[in-house]
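Dear colleague,

Please find below the structure that I am handing over to you.

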Amino acid sequence: MEEGPYKYIRDGNGKVIRVIRIGTRKSQLARIQTDSVADKLKELYPDIQLEIMPLVCFQIGEKSLFTKELENALERNEVDLVVHSLKDLPTTLPPGFTIGAVLKRENPHDAVVLHPKNVGKTLDTLPENSVIGTSSLRRAAQVKKRFPHLIFKDIRGNLNTRLKKLDEKDDFAAIILAAAGLKRMGWENRISQVLGPEDCMYAVGQGALAVEVRARDTDILEMVSLLHDPDTVLRCIAERAFLKQLEGGCSVPVAVYTQVKDSQLYLTGAVYSLDGSDSLKDTMQTSIAASDKVNPEEVDDRVQRVGVTARKVSGEAQDRAERLGIDLANLLLSKGAKDILTVARQLNDAS
C-alpha cells in the first residue's frame, strides 16, 4: 500500500512495515553494487523489507545523465535511496540530496587488461605503437607520460562491452579499467597489471560506493549512516574538496592518491595537460585524530561536506579532511594549475 511518498506492506502478523526501495541502473555492475549494499542493510536491519528497482537510464554520451535519471526517481519519491559509484557523483549535489553513506573502498587503482594474444606482457614490454584503450582523460594523460612508446585511443561502453571489444577484435593491445569494477564483476583473473600511484593515480572517489538519499529523510539517513567506513569517508571528502576547489570534472585530467596512516591523512593530487607533458603534483597531510575537547552534543551531524553527510564520523576530522583538499588545490592553483586545466578543457571541448 502507498501512503504519501512512501510504500508500506503488512507482514504475516498484520504489522505495517515500510518498504525501502533502492534505485539502480540495469547494467550488470550496477546491480552487483546495489545488491552488495542491500545485503549489508539486511544484515544490519533483518526486519526491514527491501525492494530493488532497476530504472531505465538513457545515456547520450555522459555518465551524469545516468545520475540525473536516478536522482529524478529519488525526487519523485519512486525510490528511497540510490547506489552509485562515488566517482560518478559531482562534488556539488542538487538541492535536497545528500550522500548518506560511503562504503569501505575497494582497490581504487587502475588495472591493465591485455588482449589474449599479449598475455604475460606489461605496458612496459608491449611493442612500440601498441594501441591502449581508455575512456579516461586522466588515465591517458598519466600513462602517455609514463609509457611514451604506446598509443592511446578512446573506448566506450560498460565493462562487458569494453572487454568484448578488446577480445573479439584486434583494435587494442590492452585496455585500462578500474580494478574495483573488475573485482566486483568477478573478473580479477583478467587483471594483468595493477597500476600503482607512480604509474597512474586514480580518480576522485574511485573504488568507493555511495548511497544517495533525500536530505530531509532523517530516518533513511540514520539507517544508511551505519554503512559509512570512516577512513574511506575522510579520504573521499579530501579528494572531493580538492576537485571542487580546482573546479575540475570529467573533462580535465585530475588525479589523486590518499592514505590514512597513524592518525594522519595524506593527500597527493595532480593536474595534467591532455598529453601528460605538462603537470603539477604535490602532497599534503593533516591529523584526523579525534580531539577530546569536542562535546558530541554540540556537533551537528547533518552538515554536508562536498555532498557527504557522515553521521557517526568525527565532524572535526571531516572538517580537517575538507580543508586538506582545499589547501592542496590552492597550492597547485598558486603554481599555475588553472592554466593547465583551462587549456585541457578547451582542447577536449574542441575534439
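In this predicted model, the largest nonpolar core holds 41 residues, and those that touch the most other members are Leu86, Ile99, Val102, Phe242, Leu246, Val254 and Val271. At least two residues of this core come from each of strand E6 (97-102), helix H7, strand E13 (254-261), strand E14 (264-272), helix H8 (315-334) and helix H9 (337-350). H7 supplies the largest share, nine residues. Apart from this core lies another, of 19 residues, which includes Ile22, Ile48, Leu81 and Val213. As a general point, nonpolar side chains in soluble globular proteins tend to be buried together.

Leaving aside residues up to four places away in sequence, Val102 touches Leu86, Ala208, Leu209, Leu227, His228, Asp229, Thr232, Val233, Cys236 and Val308.

Helix H7 deserves a separate word. Of its 17 residues, 13 are buried, so the helix is mostly covered. H7 comprises residues 230-246, and at 1.5 Å a residue these should span 24 Å; the C-alpha atoms at its ends are 24 Å apart, in agreement with that expectation. Just after H7, Glu247 adopts a positive phi of about 60°.

Turning to the chain as a whole, there are nine helices and 15 strands. The radius of gyration is 21 Å, close to the 20 Å that the globule rule gives for 351 residues, so the chain is as compact as a globular protein of that length. Along the principal axes, the C-alpha atoms fill a box of roughly 70 × 50 × 35 Å. Buried residues account for 50% of the 351 residues. The chain exposes about 16400 Å², of which carbon and sulfur atoms supply 48%. Among contacts between residues at least 6 apart in sequence, 71% join residues at least 24 apart.

Finally, a word on confidence. The pLDDT averages 89 over the chain, and 91% of the residues score at least 70. Two stretches should be noted here. Over residues 58-63 the pLDDT stays under 50, and the model has seven contacts for this stretch beyond four places in sequence. Over residues 295-299 the pLDDT is also below 50, and this stretch has one contact in the model beyond near neighbours in sequence.

With kind regards

Conventions
Residues numbered from 1 in each chain as written. Predicted model: local features only at pLDDT ≥ 70, side-chain atom pairs only at ≥ 80, totals over all residues. Heavy atoms only, no water. pLDDT = per-residue confidence, 0-100. Contact = heavy atoms within 4.5 Å. Helix = DSSP H or I, 4+ residues; strand = E, 2+ residues; numbered from the N terminus. Expected span 1.5 Å × (residues − 1). Buried < 20%, exposed > 50% of the residue type's maximum accessible area, 1.4 Å probe, protein only. Rg over C-alpha atoms; globule rule 2.2 N^0.38 Å. Areas by Shrake-Rupley, 256 points an atom, 1.4 Å probe, with all protein chains shown as cover. Core = buried A, V, L, I, M, F, W, Y, C linked by side-chain atoms within 4.5 Å.
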